[in-house]
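Here is a short report on one protein chain. Look over the sequence and the 3D structure before reading on.

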Amino acid sequence: MVVLAAVLLATLAGLGLWLLWAWGWSCAGRTRGVGGEPVREGSGSRALLLTAHPDDEAMFFAPTLLGLTRLRYRVSLLCFSAGNYYNQGAIRKRELLQSCDVLGIPPSSVTIIDHRHLPDDPNAQWNTELVAALLLRHIQENHIDLVVTFDTGGVSGHANHIALYSAVRFLHCLGKLPKGCSVLTLDSVNILRKYLSILDLPFTWLQTQDVLFVLTKREAEQAKKAMFCHRSQLLWFRHLYITFSRFMVINSLNFL
């Protein structure tokens, strides 16, 4: 079964490469907005990526980060933990800064919250009001126009990812977000679609979503380079993820 699965994945990868060649990346590097219209340029608007751990930005949000940069948004990152689950916090902070540099986010635009009540732990339930309070203060102090984070599925189902969605939803429902501040959440997909890489694009294109980012070939290599900055996390299965995950080339998102 393992061999069969490997052959199937390799075949899908080959089909994906052929598909990209056949299209000439004609769809790549483009964005689609509500109703299929192009996403408007940010013209300097401030976008904040909200993540739970170092490596989330490259593993899940690289297409969005590079897409927003392409649209001239000023992108910053707020990471809610140092990734210290295996006592690697100091290492992972450095890796995060290296990854962000590859993705075009300078160190001055990266904030890491290392709060004792918000540990990197899939079994920890982060307090929604605490996360919301810290997030709201950051949004107000930095005049953020757009917040990007996980949806209710958290892509991988990680409790820390879902906690960020819950906090943003909390602020949104109570009307506490500043006027003009929008929220985009990243679509979680089933396990099959998650590992179809670019082959998932036709399915994604037909689904209802507000924003779609697809990377160019050059940008896809940039996303991989950012992921390789997280050397402490590159176990064997992460290499498979980098090769086959749709989240390394495609992001579909919805507004709250």
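**The chain as a whole**

This is a predicted model. The chain holds 256 residues, and buried residues make up 52% of them. Its secondary structure comes to 11 helices and 8 strands. Now take the contacts between residues at least 6 apart in sequence. Of these, 82% join residues at least 24 apart.

**The nonpolar core**

In soluble globular proteins, nonpolar side chains tend to be buried together. In this chain, the largest nonpolar core has 73 residues. Which members touch the most other members? They are Phe80, Trp126 and Leu135. Helix 5, residues 128–142, gives the most to this core, with 6 residues.

**Two helix pairs**

Two packed helices are described by the angle between their axes and the distance between the axes. The table gives both values for two pairs.

| Helix 5 and helix 7 | 128–142 and 159–173 | about 70° | 8 Å |

Start with helix 5 and helix 7. An angle from 65 to 115 degrees counts as roughly perpendicular. The angle here is about 70°, so helix 5 and helix 7 are roughly perpendicular to each other. Their crossing is right-handed. On the side of helix 5, the contact is made by Thr128, Glu129, Val131, Ala132, Leu135 and Leu136. On the side of helix 7, it is made by Leu164, Ser166, Ala167, Val168, Phe170 and Leu171. Leu135 is also one of the core residues that touch the most other members.

Now turn to helix 10 and helix 11. Helix 10 passes helix 11 in a right-handed crossing. Lys224, Met227 and Phe228 of helix 10 make the contact with Arg238, His239 and Ile242 of helix 11.

How many disulfides does the model have? The count comes to 0. Consider cysteine 79. The closest cysteine sulfur to its own is in cysteine 100, 8.4 Å away. A disulfide needs two cysteine sulfur atoms within 2.5 Å, so cysteine 79 and cysteine 100 are too far apart for a bond. Cysteine 100 is in no disulfide either. Is cysteine 79 buried or exposed? At 0% relative accessibility, cysteine 79 counts as buried. Cysteine 100 is also buried, at 0%.

Threonine 64 is found in helix 3, residues 62–70. Threonine 64 counts as buried, at 2% relative accessibility. What does it touch? Not counting residues up to four places away in sequence, threonine 64 touches Val148, Phe213, Asn251 and Leu253.

Leucine 65 is found in helix 3 too. It is buried, with a relative accessible area of 2%. Its contacts, again not counting residues up to four places away in sequence, are Leu49, Glu57, Val75, Leu103 and Ile105. Leucine 65 also brings us back to cysteine 100. The two are 35 residues apart in sequence. In space, leucine 65 and cysteine 100 are 9.5 Å apart, C-alpha to C-alpha.

**Two residues with positive phi**

Aspartate 55 is not a glycine, yet it has a positive phi of about 105°. Where is it? Aspartate 55 lies in the loop between strand 2 (46–51) and helix 2 (56–59). At 5% relative accessibility, aspartate 55 counts as buried.

Arginine 72 is not a glycine either, and its positive phi is about 70°. Arginine 72 is found in the loop between helix 3 and strand 3 (74–79). Arginine 72 is partly exposed, with a relative accessible area of 48%.

Conventions. Residues numbered from 1 in each chain as written. Predicted model: local features only at pLDDT ≥ 70, side-chain atom pairs only at ≥ 80, totals over all residues. Heavy atoms only, no water. Buried < 20%, exposed > 50% of the residue type's maximum accessible area, 1.4 Å probe, protein only. Core = buried A, V, L, I, M, F, W, Y, C linked by side-chain atoms within 4.5 Å. Helix = DSSP H or I, 4+ residues; strand = E, 2+ residues; numbered from the N terminus. Contact = heavy atoms within 4.5 Å. Axes fitted to C-alpha atoms, helices over the stretch in contact; angles between N-to-C directions. Parallel < 35°, antiparallel > 145°, perpendicular 65-115°, else oblique. Left-handed = near helix turned anticlockwise from the far one by under 90°.
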